[in-house]
Amino acid sequence: MQQLQEEIDKLMKAISNSDTNFQVSPSLMTATFDTSCSFGSLRVTTSTMMEQIEQNLEKLSSVELKRFHRFEVDVKLDPSTAHRQLLLSADGKEVSDGGESQEGSDTLERFDLYGSILGVNSLVSGKSYWEVAAGDKTGWDMGVARGNAKRTGKLSLNPDGGYWVVVHYNDDKYAAMAEPPVGLTLSEKPDRVGVFVDKDKGLVSFYDVTAQSHIHSFTGCSFSDTEIFPYFSPHLRENGRNAEPLIICAVTR
């Protein structure tokens, strides 16, 4: 109880000291735990606290995004890892489904079953941020992958398999590929997605840049002792739809 109270006090102090004005419930700011109460009452109290904390943290998204440009990484796609059906632009900034296999040798570096590709950028340490224009695509994957994660055959597209990925599918569905996957509810389709990585703290966060909102965060990621790389999949074309590329673009300032 004492540890939980200390964590809440720290979090509320951080929110109060931020450069954004919040309307925080007085009861939350002065909340204490009555250990004589029933566990049912305690669950109600903590649930209410966490709901208010999450609401206030969501308001920080626009503040975070304004600061992320300091950590911008000039991400480019690595053709040696691309599934042979993917089509890349000459500048290494766009990837789409080419509709048929392209020329290229089959190696252990190349995705051979999943239509995926990595960035050439090795995220060794510190903080990194990039943005991807997704437009009106009906499906895509974005995130990061361990350099030694399996790329051939069927993949475990989750942290245990070395992938920290958010997936958009069926035009209006989203999921964080945890184990098991976590369904995400978005109010609108993100036109531009921001990906922030703090390798030292084991954090991967996704943002709807246009709406200035947070999509999902993976925390406690176990990749401090290995290289990780940006990960993308534009998904296949679907009856003439989803042909648009994923475009790695300059960070919005």
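Guide: A residue counts as buried when its relative accessible area is under 20%, as exposed when it is over 50%, and as partly exposed in between (1.4 Å probe, protein chains only). The structure above is a predicted model, in which local features need pLDDT of at least 70 and side-chain atom pairs count only at pLDDT 80 or more, while totals for chains, interfaces and linings use all residues. Residues are numbered from 1 along each chain as its sequence is written, and side-chain values use heavy atoms, with hydrogens and water left out.

Visitor: What percentage of the residues of the protein chain count as buried?

Guide: The figure is 42% of the 253 residues in the protein chain. With contact defined as heavy atoms within 4.5 Å, residues 24 or more positions apart supply 66% of the chain's contacts that have a separation of 6 or more.

Visitor: How many helices and strands does the protein chain have?

Guide: Helices (H or I, at least four residues) and strands (E, at least two) are DSSP runs, numbered from the N terminus. By that reading, the protein chain has 4 helices and 13 strands.

Visitor: In what order do the strands of the 6-strand sheet stand?

Guide: Two strands are taken as paired if DSSP finds at least two bridges between them. On that basis, 6 strands make an open sheet that runs β3-β12-β5-β6-β7-β8, with antiparallel pairing. The edges are β3 (117-118) and β8 (182-184), each of which has a single partner strand, so one side of each is left without a neighbour in the sheet.

Visitor: How is β12 paired, and how many of its residues are buried?

Guide: Strand β12 (residues 228-233) pairs with β3 in the antiparallel sense over 2 bridges, and with strand β5 (residues 140-146), again antiparallel, over 6 bridges. Within β12, F232 is the bridge partner of I117 and also of M142. As for burial, 6 of the 6 residues of β12 are buried, so this strand is largely enclosed by the rest of the structure.

Visitor: Is V124 buried or exposed?

Guide: V124, which lies in the loop between β3 and β4, counts as exposed at 54% relative accessibility. From C-alpha to C-alpha, V124 and E227 are 5.5 Å apart in space, although 103 residues separate them in sequence.

Visitor: What is the order of the 7-strand sheet, and which strands are at its edges?

Guide: That open sheet has the order β1-β2-β13-β4-β9-β10-β11, with antiparallel pairing, and its edge strands, β1 (86-88) and β11 (213-218), each pair on one side only. Inside the order, strand β4 (residues 127-133) pairs with strand β13 (residues 246-249) in the antiparallel sense over 3 bridges, and E131 has C249 in β13 as its bridge partner.

Visitor: How many aromatic pairs are found, and how is such a pair described?

Guide: A pair of aromatic rings is described by the distance of the centres and the angle of the planes. Rings of Phe, Tyr and Trp (its six-membered ring) pair if their centres lie within 6.5 Å, and planes under 30 degrees apart count as stacked, over 60 as edge-to-face and the rest as tilted. A search of the whole structure gives 9 such pairs. In one of them, the rings of F68 and Y129 have centres 5.0 Å apart and planes at 40 degrees, so the pair is tilted. It links distant parts of the chain, 61 residues apart, with F68 in the loop between α4 (61-67) and β1 and Y129 in strand β4. F68 is buried at 5% relative accessibility, as is Y129 at 0%.
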